[in-house]
Amino acid sequence: MLRWAAIFFVIAIIAAVFGFGNIVESAATIAKILFFVFLILFVISLITGRRNSL
């Protein structure tokens with residue numbers, strides 16, 4: 001998921017260089033959403049993956 005966020009971020013940068021405003025906004029928004037979803041899932045996996053059964 002982090003890879004997809006990075007891909008959309010690169011698309012946003014390339015679109016900004018060429019002056020495509022609508023594509024920049026859309027790609028940047030998608031990249032932000034994917035990044036925050038990645039962070040939430042990462043924290044959840046850290047919490048649940050570190051439990052030791054005694």
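1. UniProt, in an unreviewed entry, puts a "transmembrane region" at residues 29-49. This is a predicted model, and in it that stretch comes out as 100% helix and 0% strand.

2. Now the fold as a whole. The protein has two helices and zero strands. Its radius of gyration is 16 Å, well over the 10 Å that the globule rule gives for 54 residues, so the protein is more spread out than a compact globule. The box filled by the C-alpha atoms tells you about the outline: roughly 60 × 15 × 10 Å along the principal axes.

3. On to burial and surface. Of the 54 residues, 9% count as buried. The protein exposes about 4,600 Å², and 73% of that area is supplied by carbon and sulfur atoms.

4. You'll find Ser-26 in helix α2, which covers residues 21-49.

5. Where does the side chain of Ser-26 reach? To the backbone oxygen of Asn-22, at 3.1 Å. For a sense of spacing, take Ser-26 and Phe-42: they are 16 residues apart along the chain, and their C-alpha atoms are separated by 24 Å.

Notes:
Residues numbered from 1 in each chain as written. Predicted model: local features only at pLDDT ≥ 70, side-chain atom pairs only at ≥ 80, totals over all residues. Heavy atoms only, no water. Helix = DSSP H or I, 4+ residues; strand = E, 2+ residues; numbered from the N terminus. Rg over C-alpha atoms; globule rule 2.2 N^0.38 Å. Buried < 20%, exposed > 50% of the residue type's maximum accessible area, 1.4 Å probe, protein only. Areas by Shrake-Rupley, 256 points an atom, 1.4 Å probe, with all protein chains shown as cover. UniProt positions renumbered as here; feature names shortened; annotations may be inferred. Polar contact = N/O pair within 3.5 Å; in protein donor to acceptor, adjacent residues only side chain to side chain.
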